[in-house]
Amino acid sequence: MLIQLMRKKSIQNGIWLYAMQIFNSVVPLLTLPYVARIFPPEEYGYFSLALNYISYIVVVVEYGFNMTGARKVAISQSLEEESQLFTIILLVRSALCLVCSIGILIYCIIDGFTILSRCMIVLMLMFIGTVLDQTWYFQGKQDMKFIAIANMVSRTLSAVLIFLCVNDTGDLIVYCLLYSAVNFLNGLIATGVVCGKFGLRIQRLPLSQFREDVVEGWYLFTSTFSSKVLSSLGITFLGWFSTSYDCGIFSALYRIPTMFLLVWNPISQVLYPISCAKMVDSFQEGSKFVRKMQRACLALFAIVCLFFCLFAKLFVGLLLGDSYATYYYVIYPLFAWLLVAIYNNFLGVQTLLAAGYSKEYSSCIRWSAVVSIIGNLVGIYFWGIMGAAFAPLISEIAMTAFLQKKKKKHSKGNDSIRL
């Protein structure tokens with residue numbers, strides 16, 4: 001029975017995803033304490049703010065294709081269909097990358113190439129990695145071993161070079177280069193695999209076919225971009241309205257619960273194709289499966305988060321040092337945000353999005369982004385770092401209300417799926 005279970009594609013896919021996420025979780029846990037002690041909070045604040053700006057643009061370049069592409073690959077019937085999708089995604093992302101890169105360079109010229117601008121220019125290497133990223137293809141095929149191996153190799157190499165090359169505060173630009181190189185190497189290896197092993201090729205396609213995929217991806221792009229705004233707006237507003245010291249403190253503490261999200265992400269990725277298949281058969285039965293998974297996952301993550309919160313000051317001191325341990329209480333609302341975000345993933349991604357209701361899901365995300373903007377503006381103005389910590393929690397709670405309303409609407413006497 002164990003052998004038969006291990007032969008299941010979803011189980012194998014999950015194992016590779018977790019192997020990848022172990023590297024994504026453990027390697028930052030190794031490098032973050034080192035980097036937090038090399039760079040003072042002010043310097044780390046500049047890096048975090050630059051990374052935050054670049055991360056917004058990365059979402060633009062990605063354009064939601066990781067979801068729409070994976071869904072299309074999962075139901076594709078031929079290599080030709082997959083090559084057409086590969087062509088569309090690669091060329092659309094390349095065009096977005098070019099436009100965004102020009103915009104960033106213009107901003108840096110106006111800014112006078114300050115330390116923040118120099119960090120952003122180096123981190124732009126992540127754009128190219130996003131263009132070449134093929135996670136959508138491997139996820140749709142439920143065959144994540146190639147992208148997992150690529151991630152392990154590139155992240156390990158990056159970590160080793162960080163320890164060797166980043167030795168004092170003057171190495172901030174070097175750190176930016178090594179940090180962004182992970183995305184670039186991942187994309188390079190993944191593109192080589194999909195072209196060499198799976199035989200995908202660039203094809204000549206009419207503009208109408210590009211237009212169809214761009215329009216289809218718009219709702220997911222807006223929801224993904226809004227989600228990014230929801231999760232990191234505090235860093236941006238602290239950079240605008242507070243000091244780089246506060247920004248550095250909050251950014252380092254914020255990375256602790258986001259490391260737990262790295263553990264959650266492979267679960268979400270494994271469940272999503274399964275949820276899609278079950279929703280196609282029946283919305284009601286698919287919802288039952290999602291609720292079952294929801295209870296199990298939330299219970300597990302709640303126990304882990306509670307344990308960390310009980311010894312928060314000790315853990316923060318060990319991970320980041322004394323400068324950050326003083327602010328250990330900031331992680332309490334951040335861990336609450338983590339749990340609500342996982343809960344919302346089941347309502348939004350595993351239910352509405354899996355059932356084909358991308359427009360409704362996108363609407364919920366956009367309204368939550370509005371709540372996040374207001375919450376961060378008010379919270380940071382009156383309470384500084386603590387306001388930034390509570391704002392994502394408030395927006396996720398609002399997101400829960402929006403998603404519940406949409407789900408209830410489609411659950412009442414509706415067992416058909418809009419594809």
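A residue is called buried when its relative accessible area is under 20%, exposed when it is over 50%, and partly exposed in between (1.4 Å probe, protein chains only). By this definition Ser-287 is buried, because its relative accessible area is 3%. The structure is a predicted model, in which local features need pLDDT of at least 70 and side-chain atom pairs count only at pLDDT 80 or more, while totals for chains, interfaces and linings use all residues. Residues are numbered from 1 along each chain as its sequence is written, and side-chain values use heavy atoms, with hydrogens and water left out.

**Overall architecture**

- The protein chain contains 18 helices and zero strands; both are DSSP runs numbered from the N terminus, a helix being H or I over at least four residues and a strand being E over at least two.
- The radius of gyration of the protein chain is 21 Å, close to the 22 Å given by the globule rule for 419 residues, so the chain is as compact as a globular protein of that length.
- That radius is taken over C-alpha atoms, and the globule rule is 2.2 Å times the number of residues to the power 0.38.
- The C-alpha trace of the protein chain spans about 55 × 45 × 45 Å along its principal axes.
- Of the 419 residues in the protein chain, 54% are buried.
- Among contacts in the protein chain with a separation of 6 or more, 85% join residues 24 or more positions apart, where contact means heavy atoms within 4.5 Å.

**Surface and charge**

- The protein chain has an accessible surface of about 18,600 Å², and carbon and sulfur atoms contribute 68% of that area; such areas come from the Shrake-Rupley method with a 1.4 Å probe, and for residues only the protein chains shown count as cover.
- There are 32 positive and 21 negative side chains in the protein chain, and the centres of the two sets are 9 Å apart.
- Lys and Arg count as positive and Asp and Glu as negative, whereas His and the chain ends are not counted; each charge is placed at NZ of Lys, CZ of Arg, CG of Asp or CD of Glu.

**Cysteines**

- A disulfide is a pair of cysteine sulfur atoms within 2.5 Å, and by this rule the count is zero.
- Cys-176 is in no disulfide, and its nearest cysteine sulfur, that of Cys-119, is 3.6 Å away; Cys-176 counts as buried because its relative accessibility is 0%.
- Cys-195 is likewise in no disulfide, with the nearest cysteine sulfur, that of Cys-97, 17 Å away; Cys-195 counts as partly exposed because its relative accessibility is 24%.

**Selected helices and residues**

- Leu-51 is located in helix α3 (residues 41–62) and is buried, with a relative accessible area of 15%.
- Apart from neighbours within four places in sequence, Leu-51 is in contact with Leu-123, Met-126 and Tyr-179; the C-alpha atoms of Leu-51 and Ser-180 are separated by 9.3 Å, although these residues are 129 residues apart along the chain.
- Ser-287 belongs to helix α13 (residues 283–310), and, neighbours within four places in sequence aside, Ser-287 is in contact with Met-279, Thr-351 and Lys-407.
- Helix α14 (residues 312–320) has Ala-312, Val-316, Gly-317, Leu-319 and Leu-320 buried, and Gly-321, which follows α14, has a positive phi near 105 degrees.
- Glu-396 is found in helix α18 (residues 385–411) and is buried, with a relative accessible area of 11%.
- Not counting residues up to four places away in sequence, Glu-396 touches Trp-337, Val-340, Ala-341 and Asn-344.
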